Protein chains: 2
Amino acid sequence: MSASKWLNKVRWDEQGLVPVIAQEASSNDVLMFAWMNRDALTKTVELGEAVYWSRSRKKLWHKGEESGHIQKVVEIRLDCDEDVVLLKIEQVDSIACHTGRHSCFFQKFEGSVSDGDWQAVDPVLKDPETIYK
Amino acid sequence: MSASKWLNKVRWDEQGLVPVIAQEASSNDVLMFAWMNRDALTKTVELGEAVYWSRSRKKLWHKGEESGHIQKVVEIRLDCDEDVVLLKIEQVDSIACHTGRHSCFFQKFEGSVSDGDWQAVDPVLKDPETIYK
């Protein structure tokens, strides 16, 4: 089927998945990392909103379906090895993380190999209890 | 050993790896995606330069060791689930991709589900033959 030519170009891993980086189009901030299978990528293109594959729940996950924190697709990129997708998105409410933060990458490494640790350095914008009722 | 407390906080996968996103600190551009094991992350912190685990060559890969396109570490972040690392770097020569491009994510999706395709939209900055002699 010719409709799947672009889907076949993606090098899906042995579980039929591809890693996906979600980047905010306006700020270029990296907001989260997730996975997609063929259905998820197809639905993402159809809807114009990010649909991932939840490895823990083993089902499609329309990002924001519970929280309202939908990701509107601005651009989809594929890397040189065709095995990683970069999704440029507009993040509704500017909150991507389930902790109520802008980005999931809020823990910063501080120190050295011998005394290092990860410190939460970004603010919680919204109490998760009010996001997930 | 207390020195490995921060390393133990990372949720390494069943192969002992963690996905890593390399982002240019100055532009916020996402340049590449790779993997690290404990040794790679330790060496990255020690050196202050990106050291990945090459899954194809099954060995540590000091990025730029052949090409000269070293990545100087500006900041290291960990996500909310502690299973993805975001590396903010300065990219030497502004070229991260083995094709001689700035970013590995140079293929853009154009079209719809039925007629879509990936198009190379970013320029080659340096001929790969002159990078890898």
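Predicted model: local features only at pLDDT ≥ 70, side-chain atom pairs only at ≥ 80, totals over all residues.
## Across the chains

Let's start with charge pairing. A search of the whole structure turns up nine salt bridges over all chains. One of them pairs B:D117 with A:K5, with the closest N and O atoms 3.1 Å apart. B:D117 sits in strand 8 (residues 117-120) of chain B and A:K5 in helix 1 (residues 5-9) of chain A, so this pair joins two chains.

## Within chain B

B:K9 and B:E82 also meet through their side chains in a salt bridge, at 4.0 Å from N to O. This one links distant parts of the chain, 73 residues apart: B:K9 belongs to helix 1 (residues 5-9), and B:E82 to the loop between strand 5 (71-78) and strand 6 (85-91). B:K9 is partly exposed at 31% relative accessibility, whereas B:E82 is buried at 18%.

Then there's B:E65 with B:R57, a salt bridge at 3.9 Å, N to O. Here B:E65 is partly exposed at 43%, and B:R57 is partly exposed at 40%. Elsewhere, salt bridges with shared partners tie A:E75, A:R77 and B:D122 into one network.

## The second largest pocket

The second largest pocket holds about 160 Å³ of space. Its lining has 13 residues, and those nearest the centre are A:S103, A:F105, A:D122, B:R77 and B:K88. By type, the lining splits into five nonpolar, four polar and four charged residues.

How values were computed. Residues numbered from 1 in each chain as written. Chains lettered and ligands numbered in written order. Heavy atoms only, no water. 1 Å grid on protein atoms, 1.4 Å probe; cavity = no way out; pocket = protein on both sides within 12 Å on 5 of 7 lines; lining within 4 Å. Points joined across faces, edges and corners; volume = space filled by probe spheres on them. Nonpolar A, V, L, I, M, F, W, Y, C, P; charged D, E, K, R; others polar. Helix = DSSP H or I, 4+ residues; strand = E, 2+ residues; numbered from the N terminus. Buried < 20%, exposed > 50% of the residue type's maximum accessible area, 1.4 Å probe, protein only.
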